[in-house]
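Subject: Handover of a structure and notes on its contents

Dear colleague,

Please find below the structure that I am passing to you.

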Amino acid sequence: ILISLLCLTIGFVSCSEESEDFVYPPLLSEFADVCSDESGTFTHLLTDRGGRLYIVNSSEIKTDSIFPDTIFRTILRYELVENGGAMIYSWRFIPLLRPESSLEPSAGIKTDPLGMQSVWRGGKYLNLILLVKGLGGIHHFRVVEDSIIQSVSGVRTLYLRLCHDAANDVEGYTSKVFLSVALDDYSIGTS
């Protein structure tokens, strides 16, 4: 019994000391555009709120498949640091869709089921987090402009349709899919 108490005491002391020494950084998680330079290294990010942040740890970020002088749509986790900088902890590319004005009748409109976790407007994008059921197959997404309706008071409303083709993937487990839809072809306010 004495040995058990000694082990428990050591365990509690070591755990409490460890938790006091480490502080988790205040991370932000958001969709953003990340820009690369002529060598294909990430240099800065552009937030949906219009901010521009210099990436302070760009040399540590693995960017083997990055094209030079390009802007990429990403979801990332980062920490704000001094002098307008950002330290990126994790990131991944997300698809950027452009609304199609119409679909060819022969293309067919696939509207396989999916769930929506959230949809919000961020700057010049409509951002979506979708819940898709499948067993690892490749799913295809398209956005179609259904119409733009102008009310009597002059307010214009854009109607978009999200098309989802599960490509015969079996509905298995649910995965999150992150997408952005470019709205820069439409003259819309900044709100």
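This is a predicted model: local features need pLDDT of at least 70, side-chain atom pairs count only at pLDDT 80 or more; totals for chains, interfaces and linings use all residues.

Nonpolar cores

The largest nonpolar core has 13 residues. Those with the most contacts inside this core are Val34, Phe42, Leu45, Ile55, Leu76, Tyr78 and Ile88. Strands E1, E2, E3, E4 and E5 (85-93) each supply at least two residues of it, and E4 gives the most, with three residues. Leucine 45 deserves a look of its own. Leaving out residues up to four places away in sequence, leucine 45 touches Ala32, Asp33, Val34, Gly51, Arg52, Leu53, Ile55, Leu76, Ala86 and Ile88. A second, separate core has 11 residues, among them Leu128, Leu130, Phe141 and Val143. As general background, nonpolar side chains tend to be buried together in soluble globular proteins.

The four-stranded sheet

Four strands form an open sheet in the order E6-E11-E8-E7, and their pairing is mixed. E6 and E7 stand at the edges with a single partner strand each, so one side of each has no neighbour in the sheet. E7 pairs with strand E8 (residues 125-134) in the antiparallel sense, over seven bridges. Opposite methionine 116 stands leucine 130 in E8; leucine 130 is also one of the residues of the second core.

Serine 58

Serine 58 is found in the loop between E3 and strand E4 (71-81). Is serine 58 buried or exposed? Its relative accessible area is 16%, and serine 58 is therefore buried, the cut-off being under 20%. Apart from neighbours within four places in sequence, serine 58 is in contact with Thr41 and Phe42. Phe42 is also listed among the residues with the most contacts inside the largest core.

Salt bridges

How many salt bridges does a search of the whole structure find? The search finds six.

One of them joins arginine 49 to glutamate 30, with the closest N and O atoms 3.0 Å apart. This pair links distant parts of the chain, 19 residues apart: arginine 49 is in the loop between strand E2 (42-47) and strand E3 (52-55), and glutamate 30 is in strand E1 (residues 27-36). Arginine 49 counts as exposed, at 65% relative accessibility, whereas glutamate 30 counts as buried, at 12%.

Another salt bridge is formed by the side chains of arginine 98 and aspartate 184 (2.7 Å, N to O). Here the two residues are 86 residues apart: arginine 98 lies in the loop between strand E6 (96-97) and strand E7 (115-122), and aspartate 184 lies in the segment after strand E11 (173-182). Arginine 98 is partly exposed, with a relative accessible area of 43%, and aspartate 184 also counts as partly exposed, at 39%.

A further salt bridge brings together the side chains of arginine 161 and aspartate 146 (3.0 Å, N to O). Arginine 161 belongs to strand E10 (residues 156-165) and aspartate 146 to strand E9 (residues 140-150), so this pair ties together parts that are 15 residues apart in sequence. Arginine 161 is partly exposed, with a relative accessible area of 32%; aspartate 146 counts as partly exposed, at 39%.

Finally, a network of salt bridges links Asp33, Asp48 and Arg73. Asp33 is also one of the residues that leucine 45 touches.

With kind regards

How values were computed. Residues are numbered from 1 along each chain as its sequence is written. Side-chain values use heavy atoms; hydrogens and water are left out. A salt bridge is a side-chain nitrogen of Lys or Arg within 4 Å of a carboxyl oxygen of Asp or Glu. Buried means under 20% relative accessible area, exposed over 50%, partly exposed in between (1.4 Å probe, protein chains only). Two strands pair if DSSP finds at least two bridges between them. Contact means heavy atoms within 4.5 Å. A nonpolar core is a set of buried Ala, Val, Leu, Ile, Met, Phe, Trp, Tyr and Cys residues joined through side-chain atoms within 4.5 Å.
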